[in-house]
Every structure is written in C-alpha cells, then in structure tokens.
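Hi everyone, thanks for coming. Have the structure open on your screens, and let's walk through a few spots together.

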Amino acid sequence: MDSIWNENVQMPRFSQLDGDLHTDVLIIGGGLAGLLCAWDLSHNGINCALIEENRLMQGVSGRTTAKLTSQHGLVYGKLLKKFGSEKARLYYQANERALAQYKSLAETADFDFALQNSYIYATGDTAKLEEEMTAYEKLRIPAKWENTLPLPFPVTGALCFPGQAQFHPLKLAAHIAKGLQIYENTKALSFLGNRVQTPKGVITAEKIVIATHFPLINKHGSYFLKLYQQRSYVIALENAEQVEGMYLDCAENGLSIRSAGKWLLLGGGGHRTGKQGMGWKLPIAAAEKFYPRGKIVAQWATQDCMTLDGMPYVGQYSKATPDLFVATGFQKWGMTTSMLASSLLTDMIRGKENPYTELFSPARSILHKQLLCNGIETTANLLRPTKPRCPHLGCALQWNEAEHSWDCPCHGSRFSETGKVLNNPATDDMKHRPGHP
C-alpha cells in the first residue's frame, strides 16, 4: 500500500474540461492548498474554478503525515535572528490562526480532526532546544519544557506546544470539494496573459492562482532560484504501540512519530532531492528497534519545497504580474500552511487587508546564504556532462535506487524509469526513455 490516506476514502470524481470557460478566479493545482483556496473563495461569493492535471490530492498532499501545528521544528530561533521579534511573532500568529480555522471547520465536518500536543525532542545535547525555548519566551509563545516523554526511548528534553492537532487530509478534501467547480485531468498547457490553454479548451480568468507545489511559470518570480526540494520518507505500522501526541526529533534527519487510527507513522531519512540519503532505512531501523512487534503495511515518500529564508512564499507571483498569485515553499509544514495560504490569497483577491501579506510576500529579499547554495548546485549539475537531462532547465539527473526514479538535484523534478514526470517543476515527460542506469 502507498499512502494510508487512500484506504476507505472515496474521493469525488470530476470530468475533464471540454470547451472554453470564463471565471473570475482560476486555481491551478488540486492539492490541499488549491482546494482550500477554491472553497474559501466560493464561500465568499467569488466565482472560481479549479483545474488539476491528474486527480485531486494524489500528489504531495496525499503523502503527508497530516500534522497541524505552529511548531515547525526549530524555526523560531532562526526567524528571530533573521527577521526580528515582530515578524517572528506574526509567523506564529498566522499559523495559530490557520489552526483555529481547522478547528472551526471540524465543528461541521468529520475529517478525523483530533487535538494533540506537539513535541520537538532531543536525545543528546539540548543546546538547540534551550535556544528555541529562549525564542519562545521572547515571542510569548506558551510552550512548556518536558524532561520525559511516553516514547520507547529516553529523551534529554522536549518542547511542548499544547493544543495542536492532526487530521485525515483526504476526508477533509472530499468534504470541501463538494459543490466546487473542479476539472480533473485538465492540464495547463500554456499561458497568455489571463488566458490558459488546456487540452480541450481555453480558460479566461480575471485572476489566477498557481498552487502547483513548485510554481510552473519560469518567466516570472525566479522561483527556480528561490526554491529547492527535499524528499521525506514515512512508514505505517500495524500492531505497534500507539502514542498520544505528535513527536519530532530536533536532530537533522531525526525521527517523526504520530498515531493515525490503527497505524503508527514513523518518518525520517530526508535529504535534498537528487542527493543520497537514508530514505526508508531510518524509519525501518527505528521500527525494528523500538516497535519489534509492529508490521510495516505501507510506506511512501513525499517532497517539499524549501525557501531561501525559511518562510513560505504566498501572494503576488511577481511584481510584474498583479493578477497572478502563488502559494509555495511550505517547508515541510504544508497542511497548516495550506490553510494559511488560502486565507491570505482569498483576502488579497477580495482586496481585503491581511496582517500577513508583507510577511509572506514572494517579493521579499533573496539575499540569503541558501541562494548561493542553490546556485552552486544548479551550476554543477548543468555542467556535469552526463545523461539523462531534466527537461525543466537541463540539469543532469541522478538515479534514485530506493524509489527507482530519475531525480533532479537542481529543482527537484522527478521521473519514472520510463521518463514519465512524477514531480514538478518539470511539466512534461522526458523525450527519450532513460531506463535503468
């Protein structure tokens, strides 16, 4: 089994667009961010349509660990240093607001929403946790220090965010998709101003939202410079001891743990797409050591867009495109950020002020250390004289033995053994079948 979220959930099906269409707002991308945006706009009386190249929620949104939290790893100490206390505090408030919106939605819809405490823990040196706790105190974030956790291994310390949550992403998606104007198997082939060409018709829209995980228009916004991607790996265990709460190791490539119904989810082994990493070896080794009676019944991998400064890009696509919007760079916390992005974009499209517009603006400075790292990686793989090459911008692809795919270390595109595109920003299959190396 791939992701557990597909078990026993009947997602509604939608037809392909056949003919031309005019709408006030067009949303491109049928993951959770796009769906929530369409839902939010519709509930505010705005005529909108959503198109998805394949099926709803079958991309990154269907391969999540489905945590809803404002505790995004060791983020607040970093944000405090980069942006100062005012913006770091706004980041916390924006995510807490998104969490509150999920709580409100759960009052009228059943999507396995459950309040949980969220923990980030250490098994060795606690210096990073202590630094993060200091940031919490400066930002007036109501977190608690814990010395022990109900886990099958000892910890040296942990930071607890109370009142966070977990949910079932496909159950939520199935609920909010009802009644929306959605077209599946409808690919955006080209753009000309406010007109989008699809296989069987042209869509004309006053405003367009790009919610395709990695933005698909290279001409504007320089997202190929501002983003890179990381792979993450998850296994689901049956017959393993369940846990209350959601847990994440503060160490790089540390273990993520949460229960989901009858399953226990273990995640970890992440790495930059196109690079070598531990992959499933890390969660599988943890399962064998700490949950020996557990049985692996599913395993999957996902991909996340990472920004230059640790803050998502949500807002106007570029300064030159006032009616084009984007939501990307969710930094491994896409479920919470999808709601945040939906609210912010809905307010922007309606001309309503939002306190977080400037904070998440894609037009903010790109002068960060990660820009140099991205540039070096891209240059090295553009110059490396090997085949096959990525059709996105021509970088040399690397073979991923664990997943039997060709992966791009520059921007994160992925392809099957036969050359079929698996993850964007590439939008087309490889011209020549690459095969196994």
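Predicted model: local features only at pLDDT ≥ 70, side-chain atom pairs only at ≥ 80, totals over all residues.

Residues are numbered from 1 along each chain as its sequence is written, and side-chain values use heavy atoms, with hydrogens and water left out.

Okay, back to K332. Its phi is positive, about 75°, although K332 is not a glycine. Why point that out? Because most residues other than glycine have a negative phi, and most peptide bonds are trans. K332 counts as partly exposed because its relative accessible area is 37%; buried means under 20%, exposed over 50%, and partly exposed in between, using a 1.4 Å probe and protein chains only.

N239 also has a positive phi, near 60°, and is a residue other than glycine. Look for N239 in the loop between strand 11 (228-238) and strand 12 (246-249). Is N239 buried or exposed? Exposed, because its relative accessibility is 62%.

And the peptide bonds? From K387 to P388 the bond is cis, with omega near 0°. P388 lies in the loop between helix 9 (369-383) and strand 18 (398-400).

Now for some helix packing. Helix 2 (residues 75-83) and helix 4 (residues 127-139) pack at about 65°, and their axes are 7 Å apart. Those axes are lines fitted to C-alpha atoms, for helices over the stretch in contact, and the angles run from 0 to 180 degrees between N-to-C directions. The crossing of these two, helix 2 and helix 4, is left-handed, meaning the near helix is turned anticlockwise from the far one by less than a right angle (clockwise would be right-handed).

Who does the touching? On the helix 2 side you have V75, Y76, G77, L80 and K81, and these meet E131, E132, A135, Y136, K138 and L139 in helix 4. Contact here means heavy atoms within 4.5 Å. Sorted by type, the residues of this contact are six nonpolar, one polar and four charged. For that sorting, Ala, Val, Leu, Ile, Met, Phe, Trp, Tyr, Cys and Pro count as nonpolar, Asp, Glu, Lys and Arg as charged, and the others, Gly among them, as polar.

Which residues of helix 2 are buried? They are V75, Y76, G77, L79 and L80. Their cover includes helix 3 (85-106), helix 4 and strand 6 (157-166).

On to the rings. Rings of Phe, Tyr and Trp (its six-membered ring) pair if their centres lie within 6.5 Å; planes under 30 degrees apart count as stacked, over 60 as edge-to-face, and the rest as tilted. How many aromatic pairs does that rule give? The count is 17. One of them is F111 with F113, edge-to-face, at 6.0 Å centre to centre and 70° between the planes. F111 counts as buried because its relative accessible area is 1%, while F113 is partly exposed at 22%.

Y223 and Y313 make an edge-to-face pair too, 6.1 Å centre to centre with 70° between the planes. This pair links distant parts of the chain: Y223 is in helix 6 (residues 223-226) and Y313 in strand 16 (residues 313-316), 90 residues apart. Y223 counts as buried because its relative accessibility is 2%, and Y313 because its value is 1%.

Last stop, helix 8 (residues 334-350), where T336 lies. T336 counts as buried because its relative accessibility is 0%. Leaving out residues up to four places away in sequence, T336 touches K67, L68, T69, H72, N95, A98 and Y102. That's my tour, thanks!

Methods: Helix = DSSP H or I, 4+ residues; strand = E, 2+ residues; numbered from the N terminus.
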